[in-house]
Amino acid sequence: MRDDGALTVPLLLFGMSLCLLFAITRIRIYATKNQDRVVRVEEQFRYFRLTGKALNPELEIAQIIALRYAGDDEFPALCQRAVKEKLNPADIRSAIKNWREDKMRV
């Protein structure tokens, strides 16, 4: 029985489609993780600029991302409260009174 390559092209296209889907997914994950790293560094610097101290390492990245919306006047206190009370990101966002818009996040 000869197939004369009848299945070769569809299998190659299917394999290439899977590879492309995997690549697109990985690229998006890398971009999101890179943005998270940038936000963490920005907020660490912001906290240092406002208080002269390092940001508490107990803060999780999800909490730091939620804290980036807080204005400078309430940011240090809210950081301490987030660690002390182990606030989740939704609670942090609801505690913010003076919102700081983030137009750079994709």
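This is a predicted model: local features need pLDDT of at least 70, side-chain atom pairs count only at pLDDT 80 or more; totals for chains, interfaces and linings use all residues.
Me: Let's start with salt bridges. How many are there?
Reply: The count comes to four salt bridges. A salt bridge here is a side-chain nitrogen of Lys or Arg within 4 Å of a carboxyl oxygen of Asp or Glu.

Me: Which residue does Glu-43 pair with?
Reply: Glu-43 forms a salt bridge with Arg-46. Their closest N and O atoms are 2.8 Å apart. Both residues lie in helix H1, three residues apart, about one turn of the helix. Helices are DSSP runs (H or I, at least four residues), numbered from the N terminus.

Me: Is Glu-43 buried or exposed?
Reply: Glu-43 counts as buried because its relative accessibility is 3%. Buried means under 20% relative accessible area, exposed over 50%, and partly exposed in between (1.4 Å probe, protein chains only).

Me: And Arg-46, buried or exposed?
Reply: Arg-46 counts as buried, at 3% relative accessibility.

Me: Which Asp forms a salt bridge with Arg-46?
Reply: Asp-72 does, with the closest N and O atoms 2.8 Å apart. That pair links distant parts of the chain. Asp-72 is in the loop between H2 and helix H3 (75-85), while Arg-46 is in helix H1, and they are 26 residues apart.

Me: How accessible is Asp-72?
Reply: Asp-72 is partly exposed, with a relative accessible area of 34%.

Me: On to H3. Which residue does Arg-81 bridge to?
Reply: Arg-81 forms a salt bridge with Glu-85, and the closest N and O atoms are 3.3 Å apart. Both lie in helix H3, four residues apart, about one turn of the helix. Arg-81 is partly exposed at 35% relative accessible area. Glu-85 is partly exposed too, at 45%.

Me: Which residues do salt bridges with shared partners join into one network?
Reply: Glu-43, Arg-46, Asp-72 and Arg-100 are joined into one network.

Me: New topic: the surface. Which residues form the positive patch?
Reply: Arg-26, Lys-33, Arg-37 and Arg-40 form a positive surface patch. Lys and Arg count as positive and Asp and Glu as negative; His and the chain ends are not counted. Patches are made of residues with over 30% relative accessible area and no salt bridge: like charges are joined within 9 Å, and nonpolar side chains (Val, Leu, Ile, Met, Phe, Trp, Tyr) within 5 Å. The place of a charge is NZ of Lys, CZ of Arg, CG of Asp or CD of Glu.

Me: Where is Arg-26?
Reply: Arg-26 lies in helix H1 (residues 8-51). It counts as partly exposed, at 33% relative accessibility.

Me: And which residues make the nonpolar patch?
Reply: Val-9, Leu-12, Leu-13 and Met-16 form it, with about 420 Å² of accessible area together. Accessible areas come from the Shrake-Rupley method with a 1.4 Å probe; for residues, only the protein chains shown count as cover. Met-16 is in helix H1. Met-16 counts as exposed, at 55% relative accessibility.

Me: Where does Ile-61 sit, and what does Ile-61 contact?
Reply: Ile-61 lies in helix H2 (residues 61-67). Leaving aside neighbours within four places in sequence, Ile-61 is in contact with Asp-36 and Arg-40. Contact means heavy atoms within 4.5 Å. Ile-61 is partly exposed, with 32% relative accessible area.

Me: What about the phi of Lys-86?
Reply: Phi of Lys-86 is near 50 degrees, a positive value in a residue other than glycine. Lys-86 is in the loop between H3 and helix H4 (89-95). At 65% relative accessibility, Lys-86 counts as exposed.

Me: Last one: where is Lys-97?
Reply: Lys-97 is in the segment after H4. It counts as exposed, at 74% relative accessibility. The C-alpha atoms of Lys-97 and Asp-73 are separated by 9.9 Å, and the two residues are 24 residues apart along the chain.

Methods: Residues are numbered from 1 along each chain as its sequence is written. Side-chain values use heavy atoms; hydrogens and water are left out. Helices (H or I, at least four residues) and strands (E, at least two) are DSSP runs, numbered from the N terminus.
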